Amino acid sequence: MTSLFLINILLALAWGAVTGSFAEVNLLFGFVLGAGALYIIREQVGTRGYLTRTWQVVSLALLFLYELVLSALRVAGIVLRPKIVLQPGIIAYPLTVDRDFEITMLANLITLTPGTLSVDVSDDRKTLYVHCIDVPEPQATIDDIKNGFERKILEAFR
Amino acid sequence: MNPVYEIIVGIVLVTGSIFALIASIGLLRLKDVYMRMHAGSKAGTLGSGLMLVALAVHAHQIDVITRAFAGVVFFLLTAPVAAHLLAKAAYEAGYRPCADTKIDEMGKGSE
């Protein structure tokens, strides 16, 4: 995975050398070309994992941005309502991911999604406490996170 | 400068400021620290991020653009962490959620 990434960077540098320009845009283009070359020889060197994984990381980042926009709009909707009637609560979310950086990432994603804010992780790293701004159905919120972010994180980093 | 860019910059800048305004209205109107954190961390992040994006579109210099994007990335990384830490600190300090709060699984665990 890492070595293929380095090869891709080398290919980008080689492209820069061949075309005689190390401008950012040209190097970026070389990187894309290199990824294309690695895609063509995917059967021989086993690049498939690298490319799908890169795509999964990119799609996770896009999901992150999309959810941020959605949640800001939702907060705007709540805040600008003439009368604020909400049922906030702190729910316990059972974690499936167990590595520290995955928990961190999930907690960050949860904080940036509509109506949820991670407050704390239990000492045994099995439960994440999440504050919800409006939670009529705690189980529905838990299922949403399970099927959305946690699955994406597992896909991208396992 | 190209008028199309000017218009895009203007729209993004105004949208960003509206979100920042919403974040501050949220701080005033919501009831407890945890709910206020929702407004601050989300609308605030999006607002400041959008304004940095407007700067990146406006400046036709690569160093300004990369710095603006680094700023956006660091906002996205740090805002949730800051909100999370503030909420945790408030809870540890004994600040209980407001009376409307329906469930508090965290309180159950510690008591």
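## A two-chain predicted model

Chain B has four helices and zero strands. The model is a predicted one. Read from the N terminus, the elements of chain B follow the order α-α-α-α. Of the 111 residues in chain B, 35% are buried.

B:Ile18 lies in helix α1 of chain B. Is B:Ile18 buried, exposed or partly exposed? It has 15 C-beta neighbours inside 10 Å, so B:Ile18 counts as partly exposed. Buried would need 20 or more, and exposed 12 or fewer. B:Leu52 is 34 residues away from B:Ile18 along the chain, and their C-alpha atoms are separated by 14 Å.

### Where the chains meet

Now to the contact between the chains. On the side of chain B, 32 residues are in contact with 32 residues of chain A. Four helices of chain B, α1 (3-29), α2 (33-58), α3 and α4 (105-110), each supply at least two residues to this side. Which of them gives the most? That is α2(B), with ten residues. By class, the side of chain B that touches chain A has 18 nonpolar, seven polar and seven charged residues.

One helix pair shows the meeting in detail. Helix α5 (residues 100-111) of chain A and helix α3 (residues 62-92) of chain B have axes that come within 9 Å and cross at roughly 90°. The two helices, α5(A) and α3(B), are therefore roughly perpendicular to each other. From α5(A), the contact uses A:Ala107, A:Asn108 and A:Thr111. From α3(B), it uses B:Pro80, B:Val81, B:Ala83 and B:His84. Sorted by class, the contact of α5(A) with α3(B) has four nonpolar, three polar and no charged residues.

### The sheet in chain A

Chain A contains an open sheet of three strands, in the order β1-β3-β2, with antiparallel pairing. Which strands sit at the edges? They are β1 (89-94) and β2 (116-121) of chain A, and each pairs on one side only. On average, neighbouring strands of this sheet are turned by 30° against each other, direction ignored. Helix α6 (residues 138-157) of chain A packs on the sheet and touches β1, β2 and β3 of chain A. The direction of α6 makes about 45° with that of β1(A).

Strand β3 (residues 127-132) of chain A pairs with β2(A) in the antiparallel sense over five bridges. The pairing of β1(A) with β3(A) is also antiparallel, and runs over six bridges. Some bridge partners are set out here.

| Residue | Bridge partner in β3(A) |
|---|---|
| A:Tyr93 | A:Leu128 |
| A:Leu117 | A:His131 |
| A:Asp120 | A:Tyr129 |

β2(A) and β3(A) form a hairpin, with five residues between them. In that turn, A:Arg125 has a positive phi of about 60°. Is β3(A) mostly covered or uncovered? It is mostly covered, and five of its six residues are buried.

### The nonpolar core

In soluble globular proteins, nonpolar side chains tend to be buried together. Here, the largest nonpolar core has 51 residues. A:Val75, A:Val130 and B:Ala43 have the most contacts inside it. Which element supplies the largest share of this core? The answer is α2(B), with 13 residues. The helix α2(B) also gives the most to the side of chain B that touches chain A.

Take A:Val130 as an example. Neighbours within four places in sequence are left aside. A:Val130 is then in contact with A:Ile90, A:Ile91, A:Tyr93, A:Ile110, A:Thr116, A:Leu117, A:Ser118 and A:Val119.

### An exposed residue

A:Ile41 is another residue to look at. A:Ile41 has its place in the loop between α2 (24-40) and α3 (42-45) of chain A. Why does A:Ile41 count as exposed? Because it has 10 C-beta neighbours inside 10 Å, and exposed means 12 or fewer. The C-alpha atoms of A:Ile41 and A:Gly77 are separated by 50 Å, with the two residues 36 residues apart along the chain.

Terms used: Residues are numbered from 1 along each chain as its sequence is written. Chains are lettered from A and ligands numbered from 1 in the order in which they are written. This is a predicted model: local features need pLDDT of at least 70, side-chain atom pairs count only at pLDDT 80 or more; totals for chains, interfaces and linings use all residues. Axes are lines fitted to C-alpha atoms, for helices over the stretch in contact, and angles run from 0 to 180 degrees between N-to-C directions. Angles under 35 degrees count as roughly parallel, over 145 as roughly antiparallel, 65 to 115 as roughly perpendicular and the rest as oblique. Two residues are in contact if their C-beta atoms, placed from the backbone, lie within 7 Å. Ala, Val, Leu, Ile, Met, Phe, Trp, Tyr, Cys and Pro count as nonpolar, Asp, Glu, Lys and Arg as charged, and the others, Gly among them, as polar. A nonpolar core is a set of buried Ala, Val, Leu, Ile, Met, Phe, Trp, Tyr and Cys residues joined through C-beta atoms within 7 Å. Two strands pair if DSSP finds at least two bridges between them.
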